[in-house]
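Here's a quick briefing to read alongside the structure. Have a look at the model first, then go through the notes below.

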Amino acid sequence: MNIVSKIDAWQAIRKACAGKTIGFVPTMGHLHAGHLSLCERSRRENEITVVSIFVNPTQFNQASDFDLYPRTLEQDTAILASQQVDYLLLPDAESLYPDHYQIQLTETEMSRELEGEYRPGHFNGMLTVVLKLLNLVQPARAYFGEKDYQQLLLVKKMAAALFLPVDIVPCETIRAEDGLALSSRNSRLNTEQRQKAAHFPQLLQSHQPVEHIAEQLKALGFKVDYIVEKWQRRLGAVWLDDVRLIDNISIHK
Ligand code: AMP
């Protein structure tokens with residue numbers, strides 16, 4: 001696996017890859033089996049797989065969340081090398097934002113509800129960095145998890161609106177045995193919180209009205225941002241103390 005930190009070095013490599021199909025998996029690191037399922041799919045469907053790790057400051061609406069975001073680069077690099085990923089991109093913030101954060105992409109509808117309501121600015125930051133990365137990597141396909149369902153819809157919407165020549169490929173959520181969706185933030189849960197966290201997907205999957213689910217989560221000690229049904233999904237966001245969890249399931253009938 002080639003590790004590329006400099007953008008101009010990557011651009012030279014990208015030129016040399018002309019004519020090959022590239023699959024791209026953008027991540028923020030602290031990799032788990034969810035990320036790896038995206039990498040595996042990319043390897044199956046493309047000649048070259050590129051993964052990026054970049055903890056994007058502009059999509060964190062809370063400085064503490066950015067500071068506490070787990071960073072495990074050495075471990076991540078070893079995992080990706082064992083997965084036969086071809087390139088790992090590790091851009092730094094200064095190089096990725098030569099505009100000093102002055103150019104930003106804005107979506108004015110979907111980005112303002114649910115996650116966007118509780119995390120103002122999050123989706124504009126996410127869309128901006130994804131657009132930069134897609135422009136650099138120029139993949140045939142880019143892989144996004146259904147775990148972050150609203151993000152997936154917004155990336156698809158951006159790709160369509162800006163005529164980006166890329167297929168946005170949705171990948172199903174990978175879960176722990178007790179149902180908790182894998183997430184880099186799960187490592188911030190202590191043992192007791194981790195046990196309690198399993199109630200979240202279990203209740204989300206139960207055949208009850210969303211109001212009942214929210215009430216039961218509150219009774220268990222969760223703080224509930226929202227539990228709603230939309231886009232043929234049931235989506236939720238909750239807190240266990242200072243750790244925020246999101247999840248969603250299909251309710252397609
Ligand atoms: P992140 O590193 O959290 O930004 O995630 C990078 C990509 O991995 C995003 O497309 C996520 O939706 C996806 N992802 C994260 N967790 C999971 C999971 N449990 N199952 C499938 N995909 C996931």
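In this predicted model, the side chains of Lys230 and Glu113 meet in a salt bridge, with N and O 2.7 Å apart. That pair ties together distant parts of the chain, 117 residues apart: Lys230 sits in strand β7 (residues 223-230), Glu113 in the loop between α5 (93-96) and α6 (115-118). Lys230 is partly exposed at 32% relative accessibility, and Glu113 is partly exposed too, at 23%.

**Other salt bridges**
- A search of the whole structure turns up 16 salt bridges.
- One of them pairs Asp65 with Arg188, the closest N and O atoms being 3.8 Å apart.
- Here, too, distant parts of the chain are linked: Asp65 belongs to helix α3 (residues 63-68) and Arg188 to the loop between β6 and α9 (191-197), 123 residues apart.
- Asp65 is buried at 12% relative accessible area, whereas Arg188 is partly exposed at 23%.
- Glu229 bridges to Arg234, with 2.9 Å between the closest N and O atoms; Glu229 is partly exposed at 43%, while Arg234 is buried at 8%.

- Six strands make an open, parallel sheet, ordered β1-β4-β3-β2-β5-β6.
- β1 (2-4) and β6 (167-171) are the edge strands, each with a single partner, so one side of each has no neighbour in the sheet.
- From one strand to the next, the twist averages 25 degrees.
- Parallel strands β2 (residues 22-27) and β3 (residues 48-53) are joined by six bridges, and Pro26 stands opposite Ser52 in β3.
- Helix α4 (residues 73-82) packs on the sheet, touching β1, β3 and β4 (87-89), and its direction makes about 170 degrees with that of β3.

Terms used
Residues are numbered from 1 along each chain as its sequence is written. This is a predicted model: local features need pLDDT of at least 70, side-chain atom pairs count only at pLDDT 80 or more; totals for chains, interfaces and linings use all residues. Side-chain values use heavy atoms; hydrogens and water are left out. Two strands pair if DSSP finds at least two bridges between them. Helices (H or I, at least four residues) and strands (E, at least two) are DSSP runs, numbered from the N terminus. Axes are lines fitted to C-alpha atoms, for helices over the stretch in contact, and angles run from 0 to 180 degrees between N-to-C directions. Contact means heavy atoms within 4.5 Å. A salt bridge is a side-chain nitrogen of Lys or Arg within 4 Å of a carboxyl oxygen of Asp or Glu. Buried means under 20% relative accessible area, exposed over 50%, partly exposed in between (1.4 Å probe, protein chains only).
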